[in-house]
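User: I'd like to go through this structure with you. Can we start with open space, then move on to packing and charges?

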Amino acid sequence: MSQRQVLQVFETYQKARTQFVQTVAELATRPQNIESLQNAGVMSLLRPLLLDAVPTIQQTAALALGRLANYNDDLAEAVVKGDILPQLVYSLAEQNRFYKKAAAFVLRAVAKHSPELAQAVVDCGALDALVISLEEFDPGVKEAAAWALGNIARHNGQLSQAVVDAGVVPLLVLCIQEPEIALKRVAASTLSDIAKHSPELAQTVVDTGAIAHLAQMILNPDTKLKRQVFSALSQIAKHSVDVAEMVVEAEIFPAALACLKDPDEYVRKNVTTLIREITKHTPELSQIIVNVGGVAAVVDYLGDSKGNARLPGIMMLGYVAAHSENLAMAVIVSKGVPQLAICLEEEQECHIKAATAWAFGQIGRHTPEHARAVAVANVLPKLLNLYLDCESLEDLQIKAKKALKSILQKCTYLPALEPLLYEAPSNIVKHVVCQFSKVLPHDSKARRLFVTSGGLKKVQEIKAEPGSAIQEYINAINSCYPEEIVRYYSPGYSEALLERIENYQPV
């Protein structure tokens, strides 16, 4: 065989390998092909091609493996069991930038599925190799490495700590300062995935100066970057008063409030989540948000949103109101109560209704004025219905009941209380009767109205244990009226009168 023929054989073999990996990589982009590829044992065929003499074949083989592993955890596990990861990790340090991107893609695809698979990526020594890739000149390699590290860190605190211990955080902070938008996005996302697990991990991110660099990007025109920036700031701020104060001190307000009108739903939701995570900590932080117009802005956001996007805004109003009378009044003045009433009416998900009920409880529990603001919005019957509805989840029933009781204990607005005398069960009626017993002794007009509306008659029909709290409230109400009026509206009085008429003997 001549040298030319030998070269032709090698050339044909190379073309066949190239065509094979390219075809597999292409087929792996379509979900309907995955099972057939798996059944054909394509994993074991791709593995030796990772060490092929031709760089493009290596890269395409890695790309195909990444696409397969990305599809489901079974295929990702097959990559782990096939001892492919150590090969990729070794090559990360040795090969060109194209291969490094493809290898990091495989590591990212495996790590994303579960903590166990992410741990397998860590166990094969991937962290050190990925850290080296973060120091590469090529931004595409940095992006691929940062993404893989984010998929490892996202699962739990232990994996996140392993990522931090590898020295990743300072390099990610450098990455968010790079000009490439795609790299900024992924670096911010990975910082968010690290910070979310514990105060200690968040503090590690803070200590590298990440907040200042993230704060500079809140008005960046790139939508996906803004999503990640606000997510990262939220995950940092949620852990403690100190870090929340540091986020506020980065002077992101009031500028961040403009993003509540952003066209992108996720930017708006992440901004609202950030505001929620700040306001929940202290009255002072809540007051800062109130002072920059944050409550009114979130109320407007609730009006423009639907479904789960409303949840952080609802909770934010509840957190602000919970801190003090003045902050709860700020929510009322900003028209938070009517908007929350709309949310309670429109939303079908039990967890959103439960959060709204809780928020109403935080607003109405302070003073009679606060309770009246809630009662006037016709919220009390809705809370009662949620509590009594057998289809409501237990958490919703508990929150509706608690909110109802805390509002009733302050409410002196009788027109809102009276309907509950007829509809509420005894454990709620007790609180309603208590409020009447406080108001009626001091309000003659209310005493008259209570008789003509049938309220006094209804109170006489309540079956109360002698000496019980509700019996004492009833006695207090009865003492506001002449004895014959009370007797007249007592059950059985008309029968007693008829009996006296029958037994009466005219002279």
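Analyst: Terms first. On a 1 Å grid over the protein atoms alone, a pocket is an open set of points where a 1.4 Å probe fits, with protein on both sides within 12 Å along at least five of seven lines; lining residues have an atom within 4 Å of a point. Grid points are joined across faces, edges and corners, and a volume is the space filled by probe spheres set on the points. The largest pocket has a volume of about 570 Å³. Of its 23 lining residues, Arg185, Ser189, Lys224, Arg227 and Gln228 are the closest to the centre.

User: Before I go on, what kind of model is this?

Analyst: This is a predicted model: local features need pLDDT of at least 70, side-chain atom pairs count only at pLDDT 80 or more, and totals for chains, interfaces and linings use all residues. Numbering runs from 1 along each chain as its sequence is written, and side-chain values use heavy atoms, leaving out hydrogens and water.

User: Which helices supply at least two residues each of that pocket lining?

Analyst: α10 (139–153), α13 (181–195), α16 (223–237) and α18 (265–279) do. Helices here are DSSP runs (H or I, at least four residues), numbered from the N terminus.

User: How do the lining residues divide into nonpolar, polar and charged?

Analyst: There are 6 nonpolar, 11 polar and 6 charged. Ala, Val, Leu, Ile, Met, Phe, Trp, Tyr, Cys and Pro count as nonpolar, Asp, Glu, Lys and Arg as charged, and the others, Gly among them, as polar.

User: New topic. How many residues of α12 are buried?

Analyst: In α12 (residues 168–175), 6 of 8 are buried, meaning under 20% relative accessible area with a 1.4 Å probe, protein chains only. They are Val168, Val169, Leu171, Leu172, Val173 and Cys175.

User: What covers them?

Analyst: The cover includes α9 (126–134), α10, α11 (157–165), α13, α14 (199–207) and α15 (210–215).

User: And the largest nonpolar core: how many residues does it have?

Analyst: It has 177 residues, and Leu130 and Leu214 have the most contacts inside it. Such a core is a set of buried Ala, Val, Leu, Ile, Met, Phe, Trp, Tyr and Cys residues joined through side-chain atoms within 4.5 Å. Helix α7 (residues 97–111) gives the largest share, 9 residues.

User: What is Leu130 in contact with?

Analyst: Leaving aside neighbours within four places in sequence, Leu130 is in contact (heavy atoms within 4.5 Å) with Leu92, Ala104, Leu107, Ala145, Ala148, Leu149 and Ile152.

User: Where does Val459 lie?

Analyst: In helix α31 (residues 455–461). Val459 counts as buried because its relative accessibility is 1%. Beyond four places in sequence, Val459 is in contact with Leu421, Phe450, Ile474 and Ile477.

User: On to charges. How many salt bridges are there in the whole structure?

Analyst: A search finds 19. The cut-off is a side-chain nitrogen of Lys or Arg within 4 Å of a carboxyl oxygen of Asp or Glu. One of them joins Asp262 and Lys226 (2.6 Å, N to O). Asp262 lies in the loop between α17 (241–249) and α18 and Lys226 in helix α16, so the pair ties together parts 36 residues apart in sequence.

User: Are those two buried or exposed?

Analyst: Asp262 and Lys226 are both buried.

User: What about Arg310?

Analyst: Arg310 forms a salt bridge with Glu347, with the closest N and O atoms 2.7 Å apart. Arg310 is in the loop between α20 (294–304) and α21 (311–323), and Glu347 in the loop between α23 (336–346) and α24 (350–364), 37 residues apart. Both are buried.

User: Which residues are linked with them in a network?

Analyst: Salt bridges link Lys306, Arg310, Glu346 and Glu347 in a network.

Definitions and conventions: Buried < 20%, exposed > 50% of the residue type's maximum accessible area, 1.4 Å probe, protein only.
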